[in-house]
Amino acid sequence: MRRLNRKKTLSLVKELDAFPKVPDSYVETSASGGTVSLIAFTTMALLTIMEFSVYQDTWMKYEYEVDKDFSSKLRINIDITVAMKCQYVGADVLDLAETMVASADGLVYEPVIFDLSPQQKEWQRMLQLIQSRLQEEHSLQDVIFKSAFKSVSTALPPREDDSSQPPDACRIHGHLYVNKVAGNFHITVGKAIPHPRGHAHLAALVNHDSYNFSHRIDHLSFGELVPGIINPLDGTEKVAVDHNQMFQYFITVVPTKLHTYKISADTHQFSVTERERVINHAAGSHGVSGIFMKYDLSSLMVTVTEEHMPFWQFFVRLCGIVGGIFSTTGMLHGIGKFIVEIIYCRFRLGSYKPVSSVPFEDGHTDNHLPLLENNTH
């Protein structure tokens with residue numbers, strides 16, 4: 001009984017076979033079919049390699065939502081070199097939510113030489129080239145996001161030559177923590193002196209002829225410091241044409257959560273608009289000489305996530321490639337063979353022409369076709 005049940009089950013399974021086998025004696029091969037098969041296999045191999053490269057690649061997904069975090073502090077990372085001595089300049093942040101100056105204890109004033117060494121100039125030239133390409137090709141930002149990780153630094157390399165030239169500039173670098181509201185970070189003449197109604201800079205003891213706000217921004221970012229990320233103002237260099245000159249940067253900061261396969265960070269992207277003008281009170285151009293960075297925060301938060309094609313999707317696309325090429329090449333081969341057979345049959349039919357009439361001596365014609373002799377023995 002068990003054997004009968006097994007046989008019945010096996011016969012039922014055979015009847016459900018969706019891939020019946022054709023005996024070899026019924027299969028006919030041809031040169032055209034072999035050529036089409038070779039083309040199909042080559043195409044499948046090329047498309048499979050291309051599809052595998054797409055499967056290995058990743059892309060960045062952008063999601064937007066309202067930023068509901070108002071209590072945390074905003075970190076500002078600063079590395080700016082001003083072509084004035086450190087005792088003549090002061091940097092601080094004026095928070096628009098308060099009348100007092102935000103603490104600038106995290107900043108370091110380092111006397112340096114303003115002119116860069118050959119290695120540093122090469123670094124700056126390369127960074128400016130990257131910035132120009134980023135302005136033209138915005139999709140390169142995704143490449144920077146994917147390649148950024150904590151072991152890579154985009155900071156200005158240290159000076160390699162021991163120059164005997166005395167320091168003529170001041171490098172202001174470090175970080176500040178401010179409230180997440182609009183503010184104004186500025187570098188101007190004299191040290192900042194806070195008082196209840198705001199703040200002031202002690203500039204009376206500085207000679208007016210020593211004013212020189214030529215500067216170089218080696219790094220400026222907001223939020224967590226991610227060394228591999230290139231920010232819009234990195235590598236910027238401005239040369240003042242007058243002692244009384246104001247440089248203004250209007251910055252819009254967008255909170256950004258970055259999640260890649262190499263790093264996860266809470267950072268900030270920003271866009272910037274630059275403006276500079278000479279202070280001339282007689283001509284109606286009022287203001288204070290210095291470098292002013294006015295920033296404002298966006299109400300939206302961006303989440304940037306690196307995504308990868310799932311394996312099941314890659315498998316489905318691969319099956320579609322193989323099945324589609326087999327079906328398409330089979331149909332094209334059948335249509336081509338049908339057209340060739342029609343043309344060949346027409347050519348053969350055209351080779352049989354009717355036999356012309358044979359005239360007799362009395363004027364009659366014989367329209368009958370000659371009989372074929374059957375030489376059978």
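**Briefing on a predicted single-chain model**

The mean pLDDT of the chain is 79, and 80% of its residues reach 70 or more, pLDDT being the predictor's confidence in each residue, from 0 to 100. The model is predicted, so local features need pLDDT of at least 70 and side-chain atom pairs count only at pLDDT 80 or more, whereas totals for chains, interfaces and linings use all residues. Residues are numbered from 1 along each chain as its sequence is written, and side-chain values use heavy atoms, with hydrogens and water left out.

**Overall fold and confidence**

- The secondary structure of the chain comes to five helices and 17 strands, where helices (H or I, at least four residues) and strands (E, at least two) are DSSP runs numbered from the N terminus.
- Of the 377 residues of the chain, 32% count as buried; buried means under 20% relative accessible area, exposed over 50%, and partly exposed in between, with a 1.4 Å probe and protein chains only.
- Among contacts in the chain with a separation of 6 or more, 82% come from residues 24 or more positions apart, a contact being heavy atoms within 4.5 Å.
- Confidence is lowest in strand E4 (residues 101–102), at a mean of 52, and highest in strand E14 (residues 290–297), at 92.

- A search of the whole structure finds one cavity of 30 Å³ or more, a cavity being a set of points, on a 1 Å grid over the protein atoms alone, where a 1.4 Å probe fits but cannot get out.
- The largest cavity has a volume of about 40 Å³, taken as the space filled by probe spheres set on the points, which are joined across faces, edges and corners.
- This cavity is lined by His219, Ser221, Glu224, Leu225, Val226, Ile229, Asn231 and Thr267, lining residues having an atom within 4 Å of a point.
- The lining divides into three nonpolar, four polar and one charged residue, with Ala, Val, Leu, Ile, Met, Phe, Trp, Tyr, Cys and Pro counted as nonpolar, Asp, Glu, Lys and Arg as charged, and the others, Gly among them, as polar.
- Asn231, one of the lining residues, is found in the loop between strand E10 (215–223) and strand E11 (236–238), and Asn231 is buried, with a relative accessible area of 7%.
- Leaving aside neighbours within four places in sequence, Asn231 is in contact with Gln131, His219, Leu220, Ser221, His268 and Phe270.

- The 26 residues of helix H2 (residues 31–56) should span 38 Å at 1.5 Å a residue, and the end C-alpha atoms are 38 Å apart, which agrees; the expected span is 1.5 Å times one less than the number of residues.
- The buried residues of H2 are Gly33, Ala40, Met44, Glu51 and Tyr55.

**Strand residues**

- Asp296 has its place in strand E14 and counts as partly exposed, at 42% relative accessibility.
- Apart from neighbours within four places in sequence, Asp296 is in contact with Ala182, Ile251, Thr252 and Val253; the C-alpha atoms of Asp296 and Ala182, 114 residues apart along the chain, are separated by 4.3 Å.

Definitions and conventions
1 Å grid on protein atoms, 1.4 Å probe; cavity = no way out; pocket = protein on both sides within 12 Å on 5 of 7 lines; lining within 4 Å.
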